[in-house]
Amino acid sequence: MRVAFISDVHSNIYALEAVLDDIGRHGIDQIIHAGDVVGYCAFPNQTIELFRRNRVMSIAGNHDQAAVIASGMGMNPVASEAVLWTARNLTPESLQYLKGLRPHMDMFIGAVRTSVHHGSPRDKKEYIFEEDASPDLLRACGARLLVLGHTHVPYVKTTHFGTIVNPGSVGQPRDGDPRASYLICDSTKEPFIPRRVEYDIDATVASIDHAHLPSFLGERLRGGI
Ligand code: ZN
């Protein structure tokens with residue numbers, strides 16, 4: 001079984017289309033998303049439509065939940081402004097979709113018990129970077145493979161108890177590489193293949209400006225920060 005783990009698409013339709021193209025060339029059976037379908041970029045409804053069409057299995061990220069309740073409380077001002085913009089622009093169908101996202105997912109990939117959470121098994125908003133990825137997190141959810149998002153920084157960390165991965169972000173990478181990031185997992189062959197995919201950043205920046213979203217949200221995409 002071949003799975004593509006993606007995360008933090010954040011309404012960046014140009015990046016998502018490029019990643020779906022790449023996924024299409026790799027014989028993937030299932031796409032699994034670790035949360036934050038929306039927020040930051042200007043295409044929430046189109047992104048949700050592509051998720052539906054490609055049968056992407058997704059959990060809810062903190063931005064998805066914030067958009068549902070139209071509140072950016074506790075977020076920085078730029079993130080909060082984007083949440084409120086998203087909430088104003090969601091179609092009723094998109095709102096229903098976001099409301100229906102589950103908080104986390106447990107499944108088997110091949111024989112590997114796998115758990116998917118946005119921040120951590122403890123807290124949707126906790127940032128787990130590679131140095132924080134300890135076996136305790138695997139024990140907490142009884143999984144041998146734990147898939148996390150939220151930091152927008154990719155890694156694969158193997159511990160004596162199992163593996164913790166973050167596919168990075170499709171729509172707003174923050175590790176200094178502006179290309180969209182995702183991870184292929186093959187339960188039978190080489191287990192993890194990190195992928196980086198170029199997309200039309202100029203078009204994304206122009207759409208952010210056109211929507212009157214904060215211009216910083218476009219600028220940061222150019223540096224992958
Ligand atoms: Zn995010």
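Which residues coordinate the zinc ion, and through which atoms?

## Zinc site

In this predicted model, four residues hold the zinc ion: Asp8 (OD), His10 (NE2), Asp36 (OD) and His152 (NE2). Along the chain, the donors are spaced as D-x1-H-x25-D-x115-H. His10 and His152 link distant parts of the chain, 142 residues apart. His10 sits in the loop between strand 1 (2-6) and helix 1 (13-24). His152 sits in the loop between strand 6 (145-147) and strand 7 (155-159). Both His10 and His152 are buried.

The geometry is irregular. Angles among the four donor atoms range from 86 to 175 degrees.

## Helix 1

Helix 1 has twelve residues. At 1.5 Å a residue they should span 16 Å, and the end C-alpha atoms are 16 Å apart, which agrees. Its buried residues are Ile13, Ala15, Leu16, Ala18, Val19, Leu20, Asp22 and Ile23. Their cover includes strand 1, strand 2 (30-33), helix 2 (44-53), strand 9 (180-186) and strand 10 (192-197).

Asp22 also has a charged partner. It forms a salt bridge with Arg195, with the closest N and O atoms 2.9 Å apart. The pair links helix 1 to strand 10 across 173 residues. Asp22 is buried at 5% relative accessible area, whereas Arg195 is partly exposed at 24%.

## Other salt bridges

Side chains of opposite charge can pair when their charged atoms come close. The whole structure contains ten salt bridges.

One of them joins Asp175 and Arg196, with 2.7 Å between the closest N and O atoms. Asp175 lies in the loop between strand 8 (162-166) and strand 9, and Arg196 in strand 10, so the pair ties together parts 21 residues apart in sequence. Asp175 is partly exposed, at 33% relative accessibility.

Asp202 and Arg222 form another, at 2.7 Å from N to O. Asp202 belongs to helix 7 (residues 201-210) and Arg222 to helix 8 (residues 216-223), so this bridge ties together parts 20 residues apart in sequence. Arg222 is partly exposed, at 46% relative accessibility. Elsewhere, shared partners join Asp175, Asp177, Arg179 and Arg196 into one salt-bridge network.

## Helix 3

Helix 3 (residues 62-69) buries Asn62, His63, Asp64, Ala66 and Ala67. Helix 4 (77-89) and helix 5 (92-99) are among the elements that cover them. Just after helix 3, Ala70 adopts a positive phi of about 50 degrees.

Definitions and conventions. Residues numbered from 1 in each chain as written. Predicted model: local features only at pLDDT ≥ 70, side-chain atom pairs only at ≥ 80, totals over all residues. Heavy atoms only, no water. Buried < 20%, exposed > 50% of the residue type's maximum accessible area, 1.4 Å probe, protein only. Helix = DSSP H or I, 4+ residues; strand = E, 2+ residues; numbered from the N terminus. Contact = heavy atoms within 4.5 Å. Donors = N, O, S within 2.8 Å, 3.2 Å for Na, K, Ca; no water. Tetrahedral: all angles 85-135°; square planar, octahedral: opposite > 155°, others 65-115°. Expected span 1.5 Å × (residues − 1). Salt bridge = Lys/Arg side-chain N within 4 Å of Asp/Glu carboxyl O.
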